[in-house]
Amino acid sequence: MTSNPWTADALVERYDQVRSHTERLAAPLSPEDQTVQSMPDVSPTKWHRAHVTWFFETFVLAENESGFAPFQDKYWFLFNSYYEAVGPRYNRAERGVVSRPGAHDVGVYRGNVDTRMRDLVATLDQGALEKLTSTIELGFHHEQQHQELLLMDIKHVLSLNPLQPVYAGAPEPASEPDQLGWVDIAGGLVEIGHRGAGFSFDNELPEHQVYLEPYRLADRLITNGEWLAFMADGGYRRPEFWLSDGWAKVKTEGWDAPFYWLNLDGVWLEHTLNGTWPVNPGLPVSHISHYEADAYAAWAGKRLPTEAEWEHGVRQAGPGEDPDSVGNLADTESYHPRAAGPATGKLRQAYGDCWEWTSSAYLPYPGFHPAAGAIGEYNGKFMSNQMVLRGGCALTPPGHTRASYRNFFPSAARWALSGLRLADGGAPTKEVAA
Ligand SMILES: [Fe+2]
């Protein structure tokens, strides 16, 4: 991880911004809302609020605060997510049965750690500040990841409520998909991975060369309208489109539509954070697994891009390195993907809207080394049985994603805000008999 030079004041100012944003996201949620864990992948809102606090307490305060004592001994056990080196932890799948500390008491914990963090940064000399900056900055980006997860998770919690609650925002007007365009990219020997002085996670490093055959990327995401055509053509009933593991999921899980779609008297509705509405054909399809994205691409006679094709394509024929100016990220407060807007001849929707599944397994880059100690568990130990997604989504905080950012989920995951962009050319496309 690299870091910009930060002054103590700038670090505290950024700390306060990130921390207060988490509380703003939780504000519309009652203590009861914040306690529910609707499935093992989902964590209660108050758990997210406490865990990101535990991260600062564990990785910054414990090693640097004089006379350190934990705010509460048992919180170390309750709010450790997956750090084996830190010690034992509470079972992830049972976070929803822990009623105490409640949402209010989690706020007290947050306030305590915030005061101690500000005090610590104010007392560090320049050398100590420089040493600690990268860990504090990692804490900012960690908390932003959980801001996105908090929204994905509460979406699932609210989806199970027959009252069809609204978190925030309003739906887009109904629209139809526009013409899908293609952008040609030359390929060749290209540089992939994080570059420059700004922050990155360790899994985006080191920058390295990859050879790409000439290829094409679709200029926007696949829409609900196009997904309805896939469904009408037997997309979920024809095994020839599916990877073997994906087809097994279709059969065992009864998949017949994206995760949040429900059929009411022949009309497809979609649960969103803006409420439950008829499926809007012009919006990007979302909450699909890697298996579904791959099956759609096979049905369309195309393929998913590799992560290197995506990254190089965004740099060459997309918005480049500036997600915040162009993407439908969480600061739009739409909390849902939006229509692509007019064609530009370049890649649209590259940042924001939906995380885009790639055909790349989540693996270490050549020369990757996780950091020493517990913090090295952050990314490296998950490099097995997961696929890479790129770009960010409508729940991603601004300042969090970038061209080299590598998100990852198992192939069957559907509760993340995921969609797809097609690729063509370059690597051979699967032949499917129609
Ligand atoms: Fe975490």
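## Two domains

The protein chain falls into two parts, domain 1 covering residues 8-159 and domain 2 covering residues 182-424, and the description that follows rests on a predicted model. Taken over C-alpha atoms, the centres of domain 1 and domain 2 are 27 Å apart.

## Where the domains touch

Domain 1 brings 19 residues to the contact, while domain 2 brings 16 residues. On the side of domain 1 that touches domain 2, the element that gives the most is helix α5, spanning residues 126-159, from which ten residues take part.

## A three-stranded sheet

An open sheet is built from three strands in the order β1-β4-β12, and the pairing within the sheet is antiparallel. Strands β1 (182-185) and β12 (423-425) form the edges, each of them pairing on one side only. From one strand to the next, the twist averages 25°.

The pairing of β1 with strand β4, which runs over residues 215-218, is antiparallel and extends over four bridges. Within this part of the sheet, Val 183 has Leu 217 in β4 as its bridge partner.

## A helix against the sheet

Helix α9, made up of residues 307-317, packs on the sheet and touches β1, β4 and β12. The direction of helix α9 makes about 95° with that of β1, the edge strand at residues 182-185.

Key. Residues are numbered from 1 along each chain as its sequence is written. This is a predicted model: local features need pLDDT of at least 70, side-chain atom pairs count only at pLDDT 80 or more; totals for chains, interfaces and linings use all residues. Domain bounds come from an automatic or database domain assignment. Two residues are in contact if their C-beta atoms, placed from the backbone, lie within 7 Å. Helices (H or I, at least four residues) and strands (E, at least two) are DSSP runs, numbered from the N terminus. Two strands pair if DSSP finds at least two bridges between them. Axes are lines fitted to C-alpha atoms, for helices over the stretch in contact, and angles run from 0 to 180 degrees between N-to-C directions.
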